[in-house]
Every structure is written in structure tokens, then in C-alpha cells.
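Please look over the structure shown below before reading on.

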Amino acid sequence: MKKKASKRFILFFYILLAVVILLFIGPIIWMVMLSLKTKTEIFSYPPKLFPEVWSAQNYLHIIRNSRIPTYLFNSFKITLFATLGNLLVTIPAAFAFSRFRFAFQKQLLFVILMFQMISQLIIAIPLYRYFIQLGMLNSHFGLILVYITVQVPFTTWVLKGFFDSIPIQLDEAAIIDGFNEYQTLFYILLPLAMPGIATALVFNTINAWGNFIIPFIFINDSRLFPISVGILNFADTQTEGEVTIHLMATASVLGLVPALVIIVGLQRLIVGALTAGAVKE
Amino acid sequence: MKKHQALLYRRPLKWLLPMFIMLGLFYAYPLFDVIRLSFTNASILEPTYTYSLRSYSKMFNDPEILGTLATTFIFVSTNIVMQIIIGMLIALLIKTGMKQGFFMTEACRTVVLIAWMIPGVLVGIIWKLILSTSNYGIANYLLELVGLSRIGFLSEPNMALLSTIMVNIWRGTAFSMIMLYAGLQKIPEHLYEAAVVDGANAFQQFFRITLPLMRHIIFINLVLITIYTFNQFDMIMSLTGGGPGRSTEVLTLTAYKQMFKFFDMGTSSAISVLLLVLNLSIAVIYYRFVLGESNVDNQ
């Protein structure tokens, strides 16, 4: 039963909606606009929303004369390996939690959930000590291992949830047909759990791309920075005298775009995963 | 969802082993070590240390560290209240829009979600540009447009804390919005229809139907955003770096600074342990409330 909304109601609704949209996208648009302006335009008063001449000059400058492309490449590399590596750990674990019954299973799941609630900073401090001793400071390999681990709790829970939703009768039928547990996982469960794996990939990608604490602590060699740390480093070296705001905005937009593409493109998966645990179906 | 009854396979250990190794090496052992180090005077600069309670007595007697504790509580409490309220308002707005099939409603949800998912460092930089007192600081320009005077959003200590809180609300609200919107959708429509028949207005519907039925999800939401807000680090680091002075320094930043600025691993570990205790106690509340005694299998 849908009753027709009055004109006044519609107007009121759209005013509110516009305010919300503006509040949340406005800051990002402002930064994009700054990235398209020249240095003089940025400091002119009163500030204008749109640049006088649309030009990609700042972007060319950043791509040619800064380390931002290196940072982006580092982030791509780290994110890719961390995301895939994480699945190698979490798919078997989620399979075990969903299809096996063993002692302390509930307690173990609980402990894993606890890990997810703990600030990454807490583990980063002692890890820093080991990494110095192992000579793993400034190594992408060490970084990837930590990235894989911090995403293990969340991904295991998500994948277990998806495996649980696949009827166990399918496993039973497969066993009757002579499948062993590896075959069941690969040919029955994984294809059906693809939405879950996609969800895990999205979250892992976004979190690895944005992770800051871990590389901030473990990487001091500026050639090895991922974009999150690289941009802050760039900003800190640039803001002295505040003359290169246009370049800082440009670098930020470049760091933002990959995350933005994923968020907008795959938001259905994101929304689904966020609410899966809390709202009982 | 139905419970799995059958025991399909045995010997799960090999499937769990990679997880055990990773969590053991990079979570469990560091946690043990941070607790151990908190009872030492360890420093990054020197390899040897002795066991003592020095770090804890330092932590609880240092007025500056206690000050950041106060800052953290102001930061967290303001944030969670505002995120829930604003998240609820936007969720209601989106529910209304979706129900009526209004154009642009979904775009609104996407836009709010973007603020939550973009890297925290970038959130800090974006707002640093906006809140600047230079000419490109659009916030101050807008203040002047409506006839107000300029504000040092990030340069005056109290204002800086308020700005940091506002930016974090901007960033964090999406999570509450998504959770609460999902909760709103679970409320049967006929309850509202019956209320309308009985002559209830929108406010009565909200306080008599919506809120009571959403107690559960609001509580879960509260617990989760409390943890997220306590653990906030990257946005503050790039927005203010904890300054000016220590006005926006929260516990995570203090732990970081003790370690990497003062090289005091002991005190840094003690602060981490405090943070750990806070994290875990909130997490236990979450566990007891959400998962209950026997619900783990059903998740």
C-alpha cells in the first residue's frame, strides 16, 4: 500500500537529501577541483569552485616528477599479494569451521573475533622489534605477511558464513559420488561461495589499500612506501610554506581513485557483508 | 538458518594450520610480548632491559598521558553519540526515499559510504585543506560569506579537537547508517500501518515502534563504533598529528609517540595494554550480546 507523497513532502525530502549528499561528496569534489587549479588560482581570493582553465598539468607534473607513481605501484603490489595470500589462509580455515566439528570450535571462533577488535597498533609495536632483529624492516614481504594476518579474522568469519549457507546435503551427495574433502571444497563449495569470496576480496583490497599503521611503522625507506604513507610523507614535505597545495590535492586524488572505483562499483557486496553478522536473516 | 548436524569430515587440523601459524606469529605472540614488555623499561635504543612496574606508574602519574586519556574519552563519547544520531537520521531519510522510489536516494547512500571507505589518511588531508586558514580553506570562506569571522579550525587547541571529532563523525557515520538502515528494513510494515490507523504521528511511530524494535541492533552498532573510534589513528595522524600541543592526541597516538618519538618501548607497551583491555572488554560485551551462548553456529 503506497500512498502518494505530497508536493511539500517531496520538496522537504529533496532538500534534506541534497544537504546530506553535499556534506559527504562536497569535500571530495573540492579536493578534485584544487587538483585542477594552478598555484596562483589556489591562493586567489575569493576562492572559486571551478578552475579557470581545465588542465591536467598538475597530474602530469606528479606523474613525471614525484614518487607518487612508485607509491601507487607499491600499493598495487602489496594489495594484490596480501589479498590473494589471505584467501590461501582463510578459505581452508572457513571450510574447517563450517564443515568440521571439533573440540573448542566455538571458543576458537570467539578468539578469532577478538583479534579483529584489537587495534593493529598494539601488535605493531612488538612486531617492530622482531622485524628489526630479523632484518625484515623495509621489506614488502614482511609487510604482506602482516597485512594477510590482520585480515584473517574478518575474512574467516565472512567465508564461514557463506559456506554455512550452502546446504550440507550437497557435501553428502558429493561424498557418495566418491569425492574426497579437497574435491568437495574445490568443485562444490568454492563455486557456490563465489559471492562470499568476492566480498572478502573487496574488503581485503580496500583495507590493504588504505592500511596506514603497519607500513607507517615498518617502512622507513621512502622508495618502498605504499600510497597511504607516501601521500602523508609527500604532504609533510610539501606543506612547508604551503606553496604546493595543488600538487598535494593531485596526489591525494590519485590515491583516492582506485579505492573509489571499487567502492562505487561493488557497494552491494560491501553493504551485504557489513550487515550479515548483525542482522539475523 | 538450519544447524549442521552431520559430522562430515575428521581431522580439521591441516585446514586450520595456516591460520594458526599466521595468527600465532603475528597476533598471539606479539600480544603476549606487548604485555611482557609493559612490565619492563625496554627502549628501542638499548637491547637490555629489566622488569619493573615503572611503565605503569609512569603512565598513571604522567599528567600528559592522563590528559590524552581524557581527550580519548571526549573523542570517543562524542563520536559514538553523534554517529548513531546522524546515522539514524540518514537511514530514515534513505528508507523514506527507497519506499517512495525517489530518484537519487541510492546515490546518497553511496556517497555517505565513500566517506567511510576511503583511506583515513586521505580523509585527514582532504579536511586539512578545507579547514585551513589560507585562501583555499573553503570552510572559513563560507563562514565569511554568512558574516561570521574566520576560525582557526586546526590551530586553536579546543577548536582542533572539535574539528577532529567532526571529521571523524563525517568519516564514521556511514557504518551506523548501513547497520541501522538494515535494521529499519526488518521492521514489519504492518506495524506502521496499524499505528497510522490509530492516529499515531511520525514521532510517535519512531519512539514507540522503531526505537524499541531496534534496541538490539543499536546496541551492536554502539559497541562496534566504540571500538573503531578508540582505535582511530590514521585520520588524526594526517589531520593534526595530535596537535596543536597535545590537544587532539588520543591513546593510539600516545602509544605511537612514546615508542617512536621518545623510544620508550615500556611505556608504549603499557599504553597498548590499556588500549588492549579497553578493546577486549568492549569486545566481550559484543560477544555476549550478539552471539549469546549457542548462536555461534548460526552465524
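The tour begins with a group of buried residues in helix α7 of chain A: A:Gly142, A:Leu143, A:Ile144, A:Val146, A:Tyr147, A:Ile148, A:Thr149 and A:Val150. The model in which they are seen is a predicted one. Helix α7 of chain A runs over residues 140–150, and with eight of its 11 residues buried, this helix is mostly covered. What do the buried residues of α7(A) pack against? Within chain A, their partners are α4 (68–99), α6 (120–134), α8, α11 and α12 (213–218), and from chain B they are joined by α1.

Two of these partners, α8 and α11 of chain A, also pack with one another. In general, two packed helices are described by the angle between their axes and the distance between the axes. For helix α8 (residues 152–164) of chain A and helix α11 (residues 194–210) of chain A, the angle is about 165 degrees and the axes are 9 Å apart. An angle over 145 degrees counts as roughly antiparallel, and therefore α8(A) and α11(A) are described as roughly antiparallel to each other. Their crossing is right-handed. On the side of α8(A), the residues that meet the other helix are A:Phe154, A:Thr155, A:Val158, A:Leu159 and A:Phe162. On the side of α11(A), they are A:Pro195, A:Gly196, A:Thr199, A:Ala200, A:Phe203 and A:Asn204. Sorted by class, this contact of α8(A) with α11(A) contains seven nonpolar and four polar residues, and no charged residues.

Domain 1 of chain A covers 7–55, and domain 2 of chain A covers 62–276. Taken over C-alpha atoms, the centres of these two domains of chain A are separated by 33 Å. Domain 1 of chain A brings eight residues to the contact between them, and domain 2 of chain A brings seven residues. Which elements of chain A give two or more residues to the side of domain 1 that touches domain 2? They are α1 (7–36) and α2 (39–43) of chain A. The most is given by α1(A), with four residues. By class, the residues on this side of domain 1 of chain A are four nonpolar, two polar and two charged.

A:Ala103 lies in the loop between α4 and α5 (105–117) of chain A. Is A:Ala103 buried or exposed? A residue counts as exposed if 12 or fewer other C-beta atoms lie within 10 Å of its own; A:Ala103 has 7 other C-beta atoms within 10 Å, and therefore is exposed. From A:Ala103 to A:Phe73 the separation is 30 residues in sequence and 44 Å in space, C-alpha to C-alpha.

Attention now turns to chain B. This chain has 13 helices and zero strands. Along its principal axes, the C-alpha trace of chain B spans about 75 × 70 × 30 Å. Of the 299 residues of chain B, 43% count as buried. Among contacts in chain B between residues at least 6 apart in sequence, 68% join residues at least 24 apart.

The crossing of α3(B) and α7(B) is right-handed. Their contact has 16 nonpolar residues, 10 polar residues and one charged residue.

B:Gly147 is exposed, because 6 other C-beta atoms lie within 10 Å. B:Gly147 and B:Ser176 are 29 residues apart in sequence, and their C-alpha atoms are 34 Å apart in space.

Finally, the two chains may be considered together. Their contact takes 81 residues from chain B and 87 residues from chain A. Which helix of chain B gives the most to the side that touches chain A? Helix α1 (residues 13–38) of chain B does, with 13 residues. The residues on this side of chain B divide into 59 nonpolar, 18 polar and four charged. The buried residues of α7(A), with which this account began, include α1 of chain B among the elements they pack against.

Methods: Residues are numbered from 1 along each chain as its sequence is written. Chains are lettered from A and ligands numbered from 1 in the order in which they are written. This is a predicted model: local features need pLDDT of at least 70, side-chain atom pairs count only at pLDDT 80 or more; totals for chains, interfaces and linings use all residues. Two residues are in contact if their C-beta atoms, placed from the backbone, lie within 7 Å. Ala, Val, Leu, Ile, Met, Phe, Trp, Tyr, Cys and Pro count as nonpolar, Asp, Glu, Lys and Arg as charged, and the others, Gly among them, as polar. A residue is buried if 20 or more other C-beta atoms lie within 10 Å of its own, exposed if 12 or fewer, and partly exposed in between; C-beta atoms are placed from the backbone. Axes are lines fitted to C-alpha atoms, for helices over the stretch in contact, and angles run from 0 to 180 degrees between N-to-C directions. Angles under 35 degrees count as roughly parallel, over 145 as roughly antiparallel, 65 to 115 as roughly perpendicular and the rest as oblique. A crossing is left-handed if the near helix is turned anticlockwise from the far one by less than a right angle, and right-handed if clockwise. Domain bounds come from an automatic or database domain assignment.
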